[in-house]
Amino acid sequence: MKETLFMGKVTSAMTHEVKNVLAIIRESAGLAQDLLVAAEDKTFPNKERFSRIMDKIDKQVQRGAEIVSTLNSFAHVPDYEVRNEDLNSVLDQMLLLSGKLSRTNGVKFLIEENTKSVFLEADPLKSRMTLYRVLEFLAPLTGKGSEILMKSTKSEKGIPALGLFITMVASGESFIERVQSHPEWGSLIEEFRSLNISIETKSELNAVMINFVK
Amino acid sequence: MKDWKVLLVDDEKEFVVTIAERLGMRGIITETVFEGEGAFKKLETFEPDVMVLDLMMPGMSGLTVLEKVKKLYPKIEVILLTGIGSTPEGLTGMRLGAFDYLMKPLQIDELIQKIGMAINKRSSAT
């Protein structure tokens with residue numbers, strides 16, 4: 001745990017540095033825009049294009065700031081050994097942090113907002129690790145153009161759970177069969193069992209459920 | 001915005017200087033300092049309506065500067081700049097008398113709006 005705390009601490013400090021860099025980029029681009037407006041130079045041939053580029057910089061700074069903020073809160077996750085938190089906020093955080101995984105596999109990760117909070121009292125790092133591991137396993141299997149809809153829920157026994165509902169663009173065989181016959185599936189089940197987490201397939205829903213057993 | 005006086009306190013020089021230039025272009029009188037201790041030296045010759053103060057600075061922290069400013073110059077309104085994850089510090093700052101806090105990276109229009117609101121509060125108090 002000391003190692004993860006250290007990683008978190010350093011990452012958190014670095015996110016502050018990156019935010020300052022983003023702030024300087026935004027202000028410098030803003031100043032360039034201000035100067036252009038102040039000059040009122042109608043002869044500047046690429047004025048509109050220049051403005052569009054400045055807008056693009058601003059939007060990317062905003063995107064970067066959101067990613068860095070999420071990374072910062074993620075870096076603080078190991079600060080808690082056990083935490084009572086809403087699974088909806090876990091999904092929000094992990095959706096942003098799994099952007100690269102999503103793009104690499106050409107699979108869209110979506111969240112179905114659950115208006116009700118589903119609280120889970122657990123090691124917050126383990127719950128995130130589990131979700132990421134399952135996404136990492138499922139994404140290459142679903143194929144490009146597919147969607148994985150994530151939703152916080154409760155199992156029939158009232159246990160906090162995450163449902164990953166898969167919508168595939170083209171599928172000749174049953175997706176769930178493909179999951180179950182994959183050589184890694186069995187070891188994933190075992191890996192999570194040691195963390196008191198069960199994963200199971202739901203053929204009728206074309207979904208994989210993560211149940212956070214106490 | 002005419003005659004508004006603002007002191008920017010942040011150790012990120014490039015950031016502060018650029019913000020100062022942008023505020024200056026809008027007619028706001030702006031001075032800059034790059035560390036907490038320096039703010040008090042500046043206040044001997046320049047009393048701003050509003051101080052825009054970074055929370056995370058080496059040496060004297062933003063919260064310490066805030067406490068001291070509110071004690072020595074209670075009329076100066078202070079807007080805090082926070083990084084990420086420092087929102088609790090922003091709230092602590094408000095309990096210590098800060099007018100408000102903003103997160104970096106800023107939107108210049110939002111900063112100007114907050115400065116205006118802080119000046120209105122200052123004017124209505126006097």
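This briefing walks through the domains, the chain interface, the salt bridges and a surface patch of the structure above. The model is predicted, so local features need pLDDT of at least 70 and side-chain atom pairs count only at pLDDT 80 or more, while totals for chains, interfaces and linings use all residues. Residues are numbered from 1 along each chain as its sequence is written, chains are lettered from A in the order in which they are written, and side-chain values use heavy atoms, with hydrogens and water left out.

**Domains of chain A**

- Chain A is assigned domain 1 (2-78) and domain 2 (81-212), with bounds that come from an automatic or database domain assignment.
- The C-alpha centres of these two domains lie 31 Å apart.
- Nine residues of domain 1 are in contact with eight residues of domain 2, where contact means heavy atoms within 4.5 Å.
- About 770 Å² is buried between the two domains, 75% of it on carbon and sulfur atoms; buried area is the accessible area (1.4 Å probe) that two parts lose on being put together, summed over both.
- A:Thr70, A:Phe74 and A:Val77 supply 62% of the area that domain 1 buries against domain 2, more than any other three residues.

**Where chains A and B meet**

- Here 22 residues of chain A are in contact with 19 residues of chain B, and the buried area is about 1700 Å².
- Three salt bridges are found across this interface; a salt bridge is a side-chain nitrogen of Lys or Arg within 4 Å of a carboxyl oxygen of Asp or Glu.
- One salt bridge joins A:Asp34 and B:Arg26, at 2.8 Å from N to O.

**Salt bridges within a chain**

- A:Asp58 pairs with A:Arg26 in a salt bridge, with the closest N and O atoms 2.8 Å apart.
- This pair links helix 2 (residues 47-75) to helix 1 of chain A, across 32 residues; helices (H or I, at least four residues) and strands (E, at least two) are DSSP runs, numbered from the N terminus.
- A:Arg26 is buried at 4% relative accessible area, whereas A:Asp58 is partly exposed at 26%; buried means under 20%, exposed over 50%, and partly exposed in between (1.4 Å probe, protein chains only).
- In chain B, B:Asp54 and B:Lys104 form a salt bridge at 3.6 Å, N to O.

**A nonpolar patch**

- A:Phe6, A:Met7, A:Val10 and A:Met14 make a nonpolar surface patch of about 430 Å²; such patches join nonpolar side chains (Val, Leu, Ile, Met, Phe, Trp, Tyr) within 5 Å, and like charges within 9 Å, from residues with over 30% relative accessible area and no salt bridge.
- Accessible areas come from the Shrake-Rupley method with a 1.4 Å probe, and for residues only the protein chains shown count as cover.
- A:Met7 sits in helix 1 (residues 2-39) of chain A and is exposed, at 54% relative accessibility.
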